[in-house]
Amino acid sequence: MNDKLHLAPIRNPRRAIDVGTGTGIWAIDFAEAYPNTAIIGTDLSPIQPDTTPPNLSFEIDDCCSEWVYPKNHFDFIHIRALYGSVADWPKFYRECLDHLAPGGYIEQAEVNPVPKSDDGSITPGDPYDQCGRLAVRSGEAFGKSLMVETFMHEDMAKAGFTDIVKTTYKWPIGAWSTDPRLKDLGRWNLLHWMQGLEGWTLRFFTKHMGVGEPSN
């Protein structure tokens with residue numbers, strides 16, 4: 001996103017929420033960039049730092065449950081990397097719409113878990129292809145799709161959102177690109193994969209897809 005915290009054309013929002021804030025890094029950066037905005041970061045896990053900007057608070061909350069905030073409350077709703085976390089996306093988007101103030105914005109950033117290549121180097125049966133497609137199948141078996149990137153704009157429209165804009169970015173794995181920025185992103189994403197792959201796949205593949213279980 002070219003070092004931008006968001007793409008939505010927000011101006012001086014009064015209240016914002018970061019749904020599924022994780023470690024809270026984005027929410028902290030946003031709070032510092034918008035010191036007059038009251039921002040809430042929510043997550044199921046209390047893994048956020050204790051020291052935060054004064055206009056930011058973290059709360060333990062399940063975004064898939066009924067929202068406890070007032071209707072028409074937030075000027076900006078930010079969502080990132082909730083793929084595999086929500087069973088009923090239409091219901092989730094209706095909650096977002098109900099709690100978004102008139103004229104407010106919702107922004108969601110998601111990843112397609114199936115790696116692709118411009119030059120055809122990732123072919124059917126390639127380890128990257130196998131891993132991605134097995135992840136998709138395991139998400140469906142788990143009941144929480146990993147493919148929200150492919151249908152979120154349609155579900156938002158069905159919920160009642162208007163003027164929807166979809167922007168797609170490349171996210172290389174490894175430093176193979178000749179473009180300096182993509183090369184740098186690729187280095188970081190390779191580290192992301194190397195450190196995260198086991199955590200992303202171990203439970204999904206063994207519990208829901210039977211990988212590693214002995215045959216009878």
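Author: Contact here means heavy atoms within 4.5 Å, and angles run from 0 to 180 degrees between N-to-C directions. The model under discussion is predicted. In it, helix α1 (residues 25-33) lies across β1, β2, β3 and β4, and runs at about 155 degrees to β3. Helix α2 also packs on the sheet, where it touches β1, β4 and β5, and its direction makes about 140 degrees with that of β5.

The sheet itself is open and has five strands in the order β3-β2-β1-β4-β5, with parallel pairing. Its edge strands, β3 (56-60) and β5 (100-109), each pair on one side only. From one strand to the next, the twist averages 20 degrees. Strand β1 (residues 15-19) is joined to β2 by five bridges, and V19 has T42 in β2 as its bridge partner. Strand β2 (residues 38-43) is mostly covered, with five of its six residues buried. Further along, strand β4 (residues 74-80) pairs with β5 in the parallel sense over six bridges; I77 stands opposite I106 in β5.

On the α2 side, W89, P90, Y93, R94 and L97 meet V148, F151, M152, D155, M156 and A159 of α4. By class, this contact comprises nine nonpolar, no polar and two charged residues.

Key: Residues are numbered from 1 along each chain as its sequence is written. This is a predicted model: local features need pLDDT of at least 70, side-chain atom pairs count only at pLDDT 80 or more; totals for chains, interfaces and linings use all residues. Side-chain values use heavy atoms; hydrogens and water are left out. Helices (H or I, at least four residues) and strands (E, at least two) are DSSP runs, numbered from the N terminus. Ala, Val, Leu, Ile, Met, Phe, Trp, Tyr, Cys and Pro count as nonpolar, Asp, Glu, Lys and Arg as charged, and the others, Gly among them, as polar. Buried means under 20% relative accessible area, exposed over 50%, partly exposed in between (1.4 Å probe, protein chains only). Two strands pair if DSSP finds at least two bridges between them.
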